[in-house]
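Have a look at the structure first.

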Amino acid sequence: MTYLTANELPEMSAGRRFRQALDKPGILRLPGAHNGQAALQARAAGFDALYLSGAAMTASMGLPDLGIITIDEVCFFIRQIARASGLPLLVDGDTGYGEALNVMHMVRSFEDAGAGAVHIEDQLLPKKCGHLNDKKLAPAADMAAKVAAAAKASRDIVVIARTDAAASEGIEGAVARARLYIEAGADAIFPEALTSVEMFKEIRAALPGVKLLANMTEFGRTPALTAQEFQDLGYDMVIWPVSSLRVANKAQERLYRALARDGATTSMLDDMQTRQELYDTIGLNAFEALDQTIAASVAPEWTA
């Protein structure tokens, strides 16, 4: 598949395709993809939808996850991932980049860029990763107004309301907020930074019939659970937001240390994607075949 060939592009909008994936039996698994290459690799592994994390975007830009980046910067990531993979994408919309009108602009921009779903959260700026301390929450009514604005702006994009209230207001506070956000038009709820299986169970029991998203981030406050375990708890979606970036960053760190030490990359060759593997992943020959004036590229034979 190449995005240049019109008859290979999806006929339905990304939002409708995301809804279809969500309505299938079983939990919808959404691995984080921080760029187009990661999206292609996730698709090749068999995933049907993807997640774009604000923390992964900012970290890949060398910035902390404090609500610094702009709508246009996020749209750059959305376009490359949606274009490369053709998969419906859930995007982290942070706090919505402002108030109601800003949220509506975000939804329209994200949907135009190719997003299938977006979540917004009830923190105040400067926001923090949900698994960090001392998060400041917006009044529930203010967040509900943002959710209503997002729902009004949406053509097909799925609107998910994230609440960070469990840490400061407990399960009762998180549930009360979730109910308000559903009334305002949210399609699903993302209860962030739950710290025990019991908390996941309590949220599920308190919100019957509501679509729920679980976050399985590494090195956070949530216990390590599998997709099947989240499904057994009654959750409808699960994300692994920064996993791809963490692995890539660790590999790059080893590469630069080896290069600084050895003056060569020889010791890292076994950990590298080969030239042919890269070409196969990005579909070089399929692109070349669209223009008969381009001779098909052949990767040079390589011996270490």
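## A proline tucked away

In this predicted model, P88 has a relative accessibility of 4%, so it counts as buried, the cut-off being under 20%. You'll find P88 in the loop between α4 and β3.

What does P88 touch, once residues up to four places away in sequence are set aside? Its contacts are A14, R17 and F18, plus D48, A49 and L50. E73 is another matter: it sits 15 residues from P88 in sequence, and their C-alpha atoms are 19 Å apart in space.

## The sheet

Now for the strands. There are 8 of them in an open sheet with parallel pairing, and the order reads β1-β8-β7-β6-β5-β4-β3-β2. At the edges are β1 (28-31) and β2 (50-52), each with pairing on one side only. On average, neighbouring strands here are turned by 25° against each other, ignoring direction.

Let's zoom in on one pair. β5 (residues 158-163) and β6 (residues 188-191) run parallel and are joined by 4 bridges. Across that pairing, I160 stands opposite A188 in β6.

## Helices on the sheet

Which strands does helix α4 lie across? Helix α4, residues 71-85, lies across β2 and β3 (89-92), and runs at about 165° to β2.

Helix α7 (residues 166-184) packs on the sheet too, touching β5 and β6. The direction of α7 makes about 160° with that of β5.

How values were computed
Residues are numbered from 1 along each chain as its sequence is written. This is a predicted model: local features need pLDDT of at least 70, side-chain atom pairs count only at pLDDT 80 or more; totals for chains, interfaces and linings use all residues. Side-chain values use heavy atoms; hydrogens and water are left out. Two strands pair if DSSP finds at least two bridges between them. Helices (H or I, at least four residues) and strands (E, at least two) are DSSP runs, numbered from the N terminus. Axes are lines fitted to C-alpha atoms, for helices over the stretch in contact, and angles run from 0 to 180 degrees between N-to-C directions. Contact means heavy atoms within 4.5 Å. Buried means under 20% relative accessible area, exposed over 50%, partly exposed in between (1.4 Å probe, protein chains only).
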